[in-house]
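Work through the exercises below with the model open. Try each task before reading its solution.

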Amino acid sequence: MKKIIWLIISTLTALSAAFFLYDGQKLLFSLHDRRQGILLLLSGCCILPFYGYCICHAFPKNEKAIKLLTPTLSAFFSGIFPGFAAAGFSIFIQRYESLWYIAASALASFFLFFFLFFIIQILANRLRHTTKEHTSSSHEI
């Protein structure tokens with residue numbers, strides 16, 4: 001079930017990144033609209049790391065390599081990649097605003113999603129460890 005969810009998320013991110021990259025290159029190179037083209041290309045490039053993160057979770061090559069990551073580093077990665085995707089979508093939504101507003105909203109959405117997913121991952125890891133300790137201590141009795 002987890003793999004299906006990761007595949008759905010990776011498909012959606014691939015479609016959105018491809019849409020942004022294609023429209024950005026079309027605007028930049030064919031229609032010579034530098035501002036919109038660069039902003040859409042930047043949006044697509046911000047979403048690509050999240051796509052790679054989703055694919056790595058959908059098709060893990062080596063389970064031992066994933067388990068070698070410390071919980072803090074895993075929480076950091078699970079926060080930074082959705083943050084990049086949020087910044088990409090924020091750039092796309094705010095593309096008609098002024099550049100300082102685009103940069104401020106992209107940074108705000110990046111840090112908001114990074115902080116949110118980082119905290120959720122840390123709490124999930126703590127919950128897993130406490131339930132493992134609780135079940136292992138109940139088996140010893």
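**Exercise 1.** Decide whether S43 is buried or exposed, and list what it touches.

*Solution.* Start with the area. S43 has 0% relative accessibility, so it counts as buried (buried is under 20% relative accessible area, exposed over 50%, partly exposed in between, with a 1.4 Å probe and protein chains only). Last, collect contacts (heavy atoms within 4.5 Å). Setting aside neighbours within four places in sequence, S43 meets F20, G88, I91 and F92.

This is a predicted model, where local features need pLDDT of at least 70 and side-chain atom pairs pLDDT 80 or more, while totals for chains, interfaces and linings use all residues. Residues are numbered from 1 along each chain as its sequence is written, and side-chain values use heavy atoms, without hydrogens and water.

**Exercise 2.** Repeat the analysis for S16: is it buried or exposed, and which residues does it touch?

*Solution.* S16 belongs to helix 1, residues 2-30. Its relative accessible area is 13%, so S16 is buried. Beyond four places in sequence, S16 touches I47 and F89. Now check a distance.

**Exercise 3.** Describe the fold and how far its contacts reach.

*Solution.* Count elements: five helices and zero strands. In sequence order the pattern is α-α-α-α-α. Then take contacts between residues at least 6 apart in sequence; 70% of them join residues at least 24 apart. Buried residues account for 30% of the 141 in the chain.

**Exercise 4.** Which elements have the lowest and the highest mean pLDDT?

*Solution.* pLDDT is the predictor's confidence in each residue, from 0 to 100. The chain mean is 87, and 89% of residues reach 70 or more. Helix 3 (residues 63-68) is lowest at 65, and helix 1 is highest at 94.

Terms used
Helix = DSSP H or I, 4+ residues; strand = E, 2+ residues; numbered from the N terminus.
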